[in-house]
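User: I have a model open and want to go through a few spots in it. Can you take my questions as they come?
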Amino acid sequence: MTATEQVDPRLYRTVLGRFCTGITIITTVDEDEPIGFACQSFAALSLDPPMVLFCPTKQSRSWAAIESSGKFAVNILGEDQQSTCARFGSREPDKFGGIDWHLSDLGSPILDGSLAHLDCTVETVHEGGDHFVVFGRVQSLWEVPAGRTNTGAWVSEERQRPLLFYRGQYTAIEPDKTEPAAWRDDLESFLTTTSKDTWL
């Protein structure tokens, strides 16, 4: 019996569903057309140099476009962007229809209203079962600050809450948890020290 046969796929999905994730939209431009897909399998990879990773399926047409362009943007979704996520996670041919967006400095689509975005170039690609593991080097990044923007619009702390996915459905952080935790010197050391136990 193979390892794959020993693990029930339905149980696998249920157990992994216990791991709460944020949601991103990974985008690029292919032959002047904006391309994008909803992606949970995104993570920070390295602080020095600044790198991230995401894991597209091997059959992903969006990944083929990203591989061809050599660049991509990561759009981190806010709590009020469920419809955006649903659109980019669907088979809708025009996923950018009705979505406000603009091009990044590298030329990848940035979705207006996202909490943050990272502008990246493809560094390396690795095999990962039925997925690829894509390492990207961060060239620039930006986040929505709380307060009044340069256009006069007010961005509340509640507007900064992330869109999360847990056990097969959207969820959110509690209203009284919008303040980021105070940065700790010991955490700074933990995240930047290279050792066998480093997790970031």
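User: Is Ser104 buried or exposed?
Analyst: Ser104 is buried: its relative accessible area is 11%, and the cut-off for buried is under 20%. Keep in mind that this is a predicted model.

User: Where does Ser104 lie?
Analyst: Ser104 is in the loop between strand 7 (101–103) and strand 8 (109–111).

User: And what does Ser104 touch?
Analyst: Leaving out residues up to four places away in sequence, Ser104 touches Ile110 and Asp119. With Asp119 there is a polar contact, side chain to side chain, at 2.8 Å.

User: Switching to helix 3. Which of its residues are buried?
Analyst: Helix 3 covers residues 61–69, and its buried residues are Ser62, Trp63, Ala65 and Ile66. Viewed down the helix axis they fall within an arc of 160°, so they line one face of helix 3.

User: Why would spacing like that put residues on one face?
Analyst: An α-helix has 3.6 residues a turn, so residues three or four places apart point the same way.

User: What do the buried residues of helix 3 pack against?
Analyst: Strands: strand 2 (24–30), strand 3 (33–39), strand 5 (51–54), strand 6 (71–76), strand 9 (116–128) and strand 10 (131–143).

User: Which exposed residues sit on the face turned away from that buried side?
Analyst: Arg61 and Ser68.

User: What caps the N-terminal end of helix 3?
Analyst: Ser60 does, with a side-chain oxygen 3.3 Å from the backbone nitrogen of Ser62. Just after the helix, Gly70 has a positive phi of about 75°.

User: Cysteines next. How many disulfides are there?
Analyst: Zero, from a search of the whole structure. Cys120 is buried, at 0% relative accessibility, while Cys20 is partly exposed at 34%.

User: What about the chain overall, how many helices and strands?
Analyst: The protein chain has five helices and 14 strands. Of its 200 residues, 30% are buried. Taking contacts between residues at least 6 apart in sequence, 59% join residues at least 24 apart. The accessible surface is about 12900 Å², with 52% of that belonging to carbon and sulfur atoms.

User: Last one: what is the mean pLDDT, and where does it stay under 50?
Analyst: The mean pLDDT of the protein chain is 84, and 77% of the residues reach 70 or more. It stays under 50 over residues 190–200, where the model has 10 contacts beyond four places in sequence. Where pLDDT is low, the predicted coordinates should not be read in detail.

Notes:
Residues are numbered from 1 along each chain as its sequence is written. This is a predicted model: local features need pLDDT of at least 70, side-chain atom pairs count only at pLDDT 80 or more; totals for chains, interfaces and linings use all residues. Side-chain values use heavy atoms; hydrogens and water are left out. Buried means under 20% relative accessible area, exposed over 50%, partly exposed in between (1.4 Å probe, protein chains only). Helices (H or I, at least four residues) and strands (E, at least two) are DSSP runs, numbered from the N terminus. The arc is that of the directions from the helix axis to the C-beta atoms. Contact means heavy atoms within 4.5 Å. A polar contact is a pair of N or O atoms within 3.5 Å; within protein, one must be able to donate a hydrogen and the other to accept it, and residues adjacent in sequence count only if both atoms are side-chain atoms. pLDDT is the predictor's confidence in each residue, from 0 to 100. A disulfide is a pair of cysteine sulfur atoms within 2.5 Å. Accessible areas come from the Shrake-Rupley method with a 1.4 Å probe; for residues, only the protein chains shown count as cover.
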